[in-house]
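Here are my notes on this structure, as numbered points. Please read them with the sequence and the 3D view side by side.

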Amino acid sequence: MTAQESLVKYENAILISTTAGKQKRGKVKKNEKQQALPPLEGSTQTEDFLNSILPPREWTEDNQLWVQYVSSTPATRLDVINLQDHLDRKLQQRQARETGICPVREELYSQTFDELIRQITISCVERGLLLLRVRDEARMTVAAYQTLYESSIAFGMRKALMAEYRRAEMEANASKLRTDNDDLNRQVSDLRNRCEELLKVEAERRAADEAKHTEDVEKLKNVNAQLKSNLEAMLSAPQRK
């Protein structure tokens, strides 16, 4: 594992230890550097603030532990221009999106802001600490929005699943209602056919009864006429003495 390239300016890496159990070299080199060059007034305090604001990064390479402290060298106008050019080049190389949510763009701008904090802290510690508070507050706000976004996504997914489940349930209910409606329509059709058959049979029976009644009436009329004719003939016949 090697140190990743960053927009934050760091000092040269220092070898801390190896897996063979050798003694630490970082503090030795640091002490030798302090003995060789007497520290400037306030430089140690500034380095302490920088290390608290931007902690040193550590990594392992070839079974050796390395540490790299943030640089305490003051920045010039050229350094700021180079930082801007380096940022634009990194955005283009890593194909960061210009709009929307982009982790690459967020990471690069975060490194740029950390580098600006480093540059400002060297010249004014109080201003650097204030910018650190601003940075932490911005990160907390972004984290809160991200949590809210994830929560809204989860809520939307639950609502979508619930709506899908309800839609399936309603479709099944609608299918059942359509089936019941078809059954009822068949029953109505069967009952209507039976009613029509019963009406037809009843009409035929009534017609037959009426025809029979008419025939009986005609027979009775004929019998009555015959009897009447016989009676008149008997009454009109001369009486015997």
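1. S71 touches K9, Y10, E11, L50, R118 and I122, leaving out residues up to four places away in sequence; contact here means heavy atoms within 4.5 Å. S71 sits in the loop between strand 3 and helix 3. With a relative accessibility of 2%, S71 counts as buried, where buried means under 20% relative accessible area, exposed over 50% and partly exposed in between, for a 1.4 Å probe and protein chains only. The side chain of S71 also reaches the backbone nitrogen of T73 at 3.2 Å. That is a polar contact: a pair of N or O atoms within 3.5 Å, where within protein one must be able to donate a hydrogen and the other to accept it, and residues adjacent in sequence count only if both atoms are side-chain atoms.

2. A word on the source of these values. The model is predicted, so local features need pLDDT of at least 70 and side-chain atom pairs count only at pLDDT 80 or more, while totals for chains, interfaces and linings use all residues. Residues are numbered from 1 along each chain as its sequence is written, and side-chain values use heavy atoms, with hydrogens and water left out.

3. The protein has five helices and three strands, in the order β-α-α-β-β-α-α-α from the N terminus. Both kinds of element are DSSP runs numbered from the N terminus: helices are H or I with at least four residues, strands are E with at least two. Of the 241 residues, 16% count as buried. Among contacts between residues at least 6 apart in sequence, 66% join residues at least 24 apart.

4. Which residues does Y10 contact, leaving aside neighbours within four places in sequence? They are P55, R57, Q68, Y69, V70 and S71. R57 lies over the face of Y10, at 4.2 Å from the ring centre; for this, NZ of Lys or CZ of Arg must be within 6 Å of the ring centre and within 35 degrees of the ring normal. Q68, in strand 3, is buried at 12% relative accessibility. The side chain of Q68 reaches the backbone oxygen of E11 at 2.7 Å.

5. Y10 also belongs to the largest nonpolar core, which has nine residues: V8, Y10, L50, I53, L54, V70, I117, I122 and L132. A nonpolar core is a set of buried Ala, Val, Leu, Ile, Met, Phe, Trp, Tyr and Cys residues joined through side-chain atoms within 4.5 Å. Helix 2 (43-53) and helix 4 (103-123) are the elements that give two or more residues to this core. Another core lies apart from it and has seven residues, among them L7, L83, L91 and L108. In soluble globular proteins, nonpolar side chains tend to be buried together.

6. Most residues other than glycine have a negative phi. D62, which is not a glycine, has a positive phi of about 55°. D62 is in the loop between strand 2 (57-61) and strand 3 (64-68), and is exposed, with a relative accessible area of 68%. Q95 is not a glycine either and has a positive phi of about 55°. Q95 lies in the loop between helix 3 (77-93) and helix 4, and counts as exposed at 68% relative accessibility.
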